[in-house]
Amino acid sequence: MKTQILHIDVNNAFLSWSAVKRLKTGEKIDLRTIPSIIGGDEKQRKGVVLAKSNIAKQFGIRTGEPIYQARKKCPSIVVVQGEHNIYRKYSDNLYKLFCEYTDKIERFSIDECFLDMTEFIKPKEDIMKLAIEIKEKVKRNFGFTVNIGISDDKILAKMASDFEKPDKIHTLFKNEIQEKMWHLPVSDLFMVGSKSINKLERLGIRTIGDLAKTDKRVLMKTFGKYGYMIWKYANGDSNEKVNYEVSKPKGIGNSITLPYDYNTLNELYPVLLTLTEQVAYRLRKENMLATVVNVQLKNSEFELYSHQKKLNYRTNSSKEIGSTAKKVLRELYKGDKIRLIGIRVDGLFERDDMQVSFFDKVQNNNIDKTIDVLREKYGYNVIKKAGEIYNQNKY
């Protein structure tokens, strides 16, 4: 049976998702049609460009540059802060749509997936027609567009989706690589980064075709196993499978850069509570229990230090994790000026309700569970605890 793989990539995901959300809530102007960017709060230290519209790109605005530089290039630029809860919602909705076509889906990132269609294509069904159906259904149902790459090789499918954008479908089968891929600069090949390009050019390798025709032993001598990997990619022979098995995380954490340096525990506690709520919520969504709580601090001198406490029970309770985190913070804090704080839980176990120990401290059925249900239905920010409200007002 011939392998059939789709790689589906949302076009300019963060900006498109913010644009769609704003249009659905009454906004008249589509961010995608004006000079606009997604960025952090300009008043804080996160004021960098995270995503940009195609028109903003024409002004020379680049992802990762400070917003103040973007404003110099285009004074009328519209800046919108990222909305990661909205992005996760659209990503999840997209995944659910893909599940209508196959259960072999690899979520490669928040805005792209691999779909193994090999066992789900009906006899004589045209993979191109199916890709068109998916592309148009995404546009019709959600209001944003995707690019789709089609191939008999996973890496080639990803390469194909990066061809002309937006709202396009491209094929790149193994018998098409010489015509469609080998003329491209070697920097366009998946997994070839800026650090490798200079070494490749010193070997006379400037195109993907040059790389494909190079003796793999020369590449392995220069790059080791990495050289053999990119040689296989250039020849369209990755043999990589769509990894559709979802693995459980080994740890769950969150951190935040503060708007200004905090220098008291009373300032840090509410921030820690907010982070704890988010981490405990994710822990419960993964149906897991934690046995280690770790708190990290970065001071104004950029010194990063941490401290952890091992529990003698397993828990996913916001109250238990928060209480332990506060104790750890008190032991950790040295009285210096803090610019970043984070929390992480480790030593994770899958929760089996039939085997939960009497000594385990799981979510409070009357508080955490109710809050989780509300957040699942109406979004994470539908309900906040007092400390979170305090923390939000500080910002």
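Which residue counts as buried at 1% relative accessibility? Select F114: at 1%, F114 is buried (under 20% relative accessible area; exposed is over 50%, partly exposed in between, with a 1.4 Å probe and protein chains only).

Before moving on, note the ground rules. This is a predicted model, in which local features need pLDDT of at least 70 and side-chain atom pairs count only at pLDDT 80 or more, while totals for chains, interfaces and linings use all residues. Residues are numbered from 1 along each chain as its sequence is written, and side-chain values use heavy atoms, leaving out hydrogens and water.

**Stop 1: strand β6**

Select residues 112–116, strand β6. Helices (H or I, at least four residues) and strands (E, at least two) are DSSP runs, numbered from the N terminus. Five of the five residues of β6 are buried, so the strand is largely enclosed by the rest of the structure. Colour its two faces separately. E112, F114 and D116 lie on one side. C113 and L115 lie on the other, and both faces are covered.

A hairpin of two residues joins β5 to β6. The two strands run antiparallel, with four bridges between them. S109 stands opposite E112.

**Stop 2: the whole sheet**

The five strands make an open sheet in the order β5-β6-β1-β7-β8, with mixed pairing. Strands pair if DSSP finds at least two bridges between them.

Zoom in on β1, residues 5–10. Five bridges join β1 to β6, and the two run antiparallel. L6 stands opposite L115 in this pairing. Six bridges join β1 to β7 (146–151), again antiparallel. Here V10 has V146 as its bridge partner.

Next, select helix α6, residues 154–161. α6 lies across β1, β5, β6, β7 and β8, and runs at about 145° to β7. Axes are lines fitted to C-alpha atoms, for helices over the stretch in contact, and angles run from 0 to 180 degrees between N-to-C directions.

**Stop 3**

In soluble globular proteins, nonpolar side chains tend to be buried together. A nonpolar core here is a set of buried Ala, Val, Leu, Ile, Met, Phe, Trp, Tyr and Cys residues joined through side-chain atoms within 4.5 Å. The largest such core has 35 residues, and L6, F98, I134, F144 and I148 touch the most other members. Two or more residues come from each of β1, α1 (13–24), α4 (84–98), β6, α5 (127–142) and β7. α5 gives the most, with six residues.

Centre on F98. Leaving aside neighbours within four places in sequence, F98 is in contact (heavy atoms within 4.5 Å) with I8, I105, C113, L115 and I134. Then jump to the second core, which is separate and has 31 residues, L275, V279, I341 and L348 among them.

**Stop 4: aromatic pairs**

The structure holds 13 aromatic pairs. Rings of Phe, Tyr and Trp (its six-membered ring) pair if their centres lie within 6.5 Å; planes under 30 degrees apart count as stacked, over 60 as edge-to-face and the rest as tilted.

Select W17 and Y87. Their ring centres are 6.0 Å apart and their planes at 40°, so the pair is tilted. W17 lies in α1 and Y87 in α4, so the pair ties together parts that are 70 residues apart in sequence. Both W17 and Y87 are buried.

F108 is partly exposed, with a relative accessible area of 34%.

Finally, show F14, W17, Y87, Y90, F142 and F144 together: they form one aromatic cluster.

**Stop 5: the α9–α10 loop**

Select T214, in the loop between α9 (208–213) and α10. Is T214 buried or exposed? T214 is buried, with a relative accessible area of 18%. Beyond its neighbours within four places in sequence, T214 is in contact with I205, L219 and W231. Its side chain reaches the backbone oxygen of D210 at 2.7 Å. The C-alpha atoms of T214 and G204 are separated by 9.5 Å, with the two residues 10 apart along the chain.

End with α10, residues 216–223. At its start, a side-chain oxygen of D215 reaches to within 2.9 Å of the backbone nitrogen of R217. Just after α10, G224 takes a positive phi of about 75°.

Conventions:
Polar contact = N/O pair within 3.5 Å; in protein donor to acceptor, adjacent residues only side chain to side chain.
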